[in-house]
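Please read the following explanation alongside the structure.

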Amino acid sequence: MIEEIMTIMDEIHYGYLDTNGINIVEKNPKDWDVEFEEIYHLLSPEELLEKKYGVCYDQVELERFLLEERGIKSYTYFIEAVVEEGTYTHTFLVYEKANFYYWLEHSWGMFKGIHKYSSLKELLLDVKTSFQKSHSIKRKDCTFIYEYEKPVSGLGSHEFYEYCINSKLIKVNEPFYFYHVVDKDASLSPGLLSLQYMYDHQLLELFDKSSNKYRKGIVSYWELDKYKGSDSASLTREEILDALNLFRGEYTSSYIYFFKFPPYASLGSKMEEMLKEKDIYQININDEEVQKNILDIFYGYENNHGDSKKLTREYYEDVVEKEYFQNYEDSEERNFATLNHIAIAFKNDYCPVSFLEKISK
């Protein structure tokens, strides 16, 4: 039965016909996507069978139609990766049989065929990994999968894209937790706030309280020519924001900081006293919904010194708790700063409270 479907699909070629009946993929192999954006509409199964040319979006709908005709339920998925070079997308179909899951692929020549899996998660992770490798995508936070229901035929390329990315976001990543400490009496509405958010929303008392710790660095050891030697007490709020972005880049005033492991009282007497007034929250930066809300992650420098080794995501993936805390200095004025930490800039300059989970100490 499935072999019969694949035989029918083999009559379909990858591409899209222009008004003259010419396949635009063959006509302009390097830049066909420009014309595609202008002329594309999602083909119905009947149209595709007649034209014999369609991209993955169209071919999946024919696969869905052929499976439905034979009483087989299917699930359809849209995968995208958004990187600096552009956006890559693909659609694919899955069906279930006898407690196994099958990836039916026709349009993606490299993986054409029927692929069998023990679980849906295993299948989706394999597609995701294959997709990333085929486009040489090394980042782990830019590829997303959506499950979408049968769309109406005739949608334009942008309309189809919007339909898919507003469908159900699928979560398959393994968790990767980081931690943030918050004053027990602090408001978490709407979430963890960056200095930029505080300034833009006129939370000026909170801004001053949160930013005073940077004044000394701005006028001295940050080595900022614009502010070096200035009177730290006279720095304006605007100058503090400017200095932060000069020091670490455009997102610095929007950064919120997280530790790899939750700090604990036995690290020292100062930490013990501080934690009495703090709550600890965790965030899973591998959660797909969280990833879609992140603008930038800076992984910092070893021991928080700008002249030390620049840290990477791999450091935090590999470091163990004992090693992570080995250089902690309880006697330092800014003792938390002696711990390696990451900085995350979120859309709208705050981390939504829905991304956070309070942990017990």
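**A pocket, its rings and its charges**

Strand β4 provides the largest share of the lining of the second largest pocket, namely 5 residues. The model is a predicted one, in which local features need pLDDT of at least 70 and side-chain atom pairs count only at pLDDT 80 or more, while totals for chains, interfaces and linings use all residues. Residues are numbered from 1 along each chain as its sequence is written, and side-chain values use heavy atoms, with hydrogens and water left out.

The space in this second largest pocket comes to about 860 Å³. On a 1 Å grid over the protein atoms alone, a pocket is an open set of points where a 1.4 Å probe fits, with protein on both sides within 12 Å along at least five of seven lines; lining residues have an atom within 4 Å of a point. Grid points are joined across faces, edges and corners, and the volume is the space filled by probe spheres set on the points. Of the 25 lining residues, Tyr14, Trp32, Thr87, Tyr88 and Thr89 are the closest to the centre of the second largest pocket. At least two lining residues come from each of α3, α5 (56-69), β4 (86-97), α6 (120-134) and α7 (157-165); helices (H or I, at least four residues) and strands (E, at least two) are DSSP runs, numbered from the N terminus. By class, the lining comprises 11 nonpolar, 10 polar and 4 charged residues, where Ala, Val, Leu, Ile, Met, Phe, Trp, Tyr, Cys and Pro count as nonpolar, Asp, Glu, Lys and Arg as charged, and the others, Gly among them, as polar.

Attention now turns to the aromatic rings. The structure holds 37 aromatic pairs, that is, rings of Phe, Tyr and Trp (its six-membered ring) with centres within 6.5 Å; planes under 30 degrees apart count as stacked, over 60 as edge-to-face and the rest as tilted. Trp32 and Phe36 form an edge-to-face pair, at 5.4 Å centre to centre and 80° between the planes. Both belong to helix α3 (residues 32-39), where they are 4 residues apart, about one turn of the helix. Trp32 and Phe36 are both buried (buried means under 20% relative accessible area, exposed over 50%, partly exposed in between, with a 1.4 Å probe and protein chains only). Ring pairs also join Trp32 and Phe36 to a cluster that includes Tyr14, Tyr40 and Phe160.

The charged side chains complete the picture. How many salt bridges are there? The count is 21, a salt bridge being a side-chain nitrogen of Lys or Arg within 4 Å of a carboxyl oxygen of Asp or Glu. In one of them, Asp287 meets Lys171 at 3.0 Å, N to O. Asp287 lies in the loop between β12 (278-284) and α13 (288-292), and Lys171 in the loop between β8 (168-170) and β9 (177-183), so this pair ties together parts that are 116 residues apart in sequence. Asp287 is buried because its relative accessible area is 16%, whereas Lys171, at 45%, counts as partly exposed.

A second salt bridge is formed by Lys209 and Asp183, with their closest N and O atoms 3.8 Å apart. Lys209 is in helix α9 (residues 204-211) and Asp183 in strand β9, so the parts that they tie together are 26 residues apart in sequence. Lys209 counts as exposed because its relative accessibility is 60%, while Asp183 is partly exposed at 24%.
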